[in-house]
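Dear colleague,

I am passing on the structure below, together with some notes on what turned up when it was examined. Please read the notes with the coordinates open beside you.

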Amino acid sequence: QVQLVESGGGLVQPGGSLRLSCAASGFTFRGYSMYWYRQTPGKERELVASITTTGIKTEYLYSVKGRFTISRDNTKNTVYLQMNSLNPEDTAVYYCKPGGLNYWGQGTQVTVSS
């Protein structure tokens, strides 16, 4: 079955960096665009970044553009989110998701605080 395992979250000071990973299995990873979402309590999940099947095209939420970079390794069935210059507004649980498939992982908590 489809499995998505996010990792790499943690507590970081403002201005710091984290690299999230999402290991996927149970579907043909290279055939799907991949997305990173985030969610904070009381708010709807919001789309942070997306990447096409080959990684040629990426898109970002306006507030993270220039700070976050999404990438993928189709040989490892893994999608990444490099997050730099983090600020407290980036605090959330981050999830990955394949495009067109309604599956979610458990998420990874990112907390930006001094």
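**Charges, rings and overall form**

The charged end of Arg45 is placed over the ring of Tyr95, 3.9 Å from the ring centre, where a charge sits over a ring if NZ of Lys or CZ of Arg is within 6 Å of the ring centre and within 35 degrees of the ring normal. Arg45 also lies over the face of Trp104, at 4.2 Å from the centre of that ring.

Before going further, please note that this is a predicted model, in which local features need pLDDT of at least 70 and side-chain atom pairs count only at pLDDT 80 or more, whereas totals for chains, interfaces and linings use all residues. Residues are numbered from 1 along each chain as its sequence is written, and side-chain values use heavy atoms, with hydrogens and water left out.

Tyr35 and Tyr37 make a tilted pair, with 6.4 Å from centre to centre and 45° between the planes. Tyr95 and Trp104 have ring centres 6.1 Å apart and planes at 90°, so this pair is edge-to-face. Ring pairs link Tyr35, Tyr37, Tyr95 and Trp104 into a cluster.

Turning to the charged pairs, the structure holds 4 salt bridges, each being a side-chain nitrogen of Lys or Arg within 4 Å of a carboxyl oxygen of Asp or Glu. Arg38 pairs with Glu46, their closest N and O atoms lying 2.7 Å apart; Arg38 is buried at 6% relative accessibility, whereas Glu46 is partly exposed at 32%. Lys57 and Glu59 meet at 3.5 Å, N to O, and here Lys57 is partly exposed at 48% and Glu59 is partly exposed at 44%.

Arg67 and Asp90 form a salt bridge at 2.8 Å, N to O. Arg67 lies in the loop between β6 (58-60) and β7 (68-73) and Asp90 in the loop between β8 (78-83) and β9 (92-98), so the pair ties together parts that are 23 residues apart in sequence. Arg67 is buried at 15% relative accessibility, and Asp90 is buried at 1%. Salt bridges with shared partners join Arg38, Glu46, Arg67 and Asp90 into one network.

As for the chain as a whole, its secondary structure comes to 0 helices and 10 strands (DSSP runs numbered from the N terminus, with helices being H or I of at least four residues and strands E of at least two). Of the 114 residues, 40% count as buried. The C-alpha atoms fill a box of roughly 40 × 25 × 20 Å, taken along the principal axes.

Terms used: Buried means under 20% relative accessible area, exposed over 50%, partly exposed in between (1.4 Å probe, protein chains only). Rings of Phe, Tyr and Trp (its six-membered ring) pair if their centres lie within 6.5 Å; planes under 30 degrees apart count as stacked, over 60 as edge-to-face and the rest as tilted.
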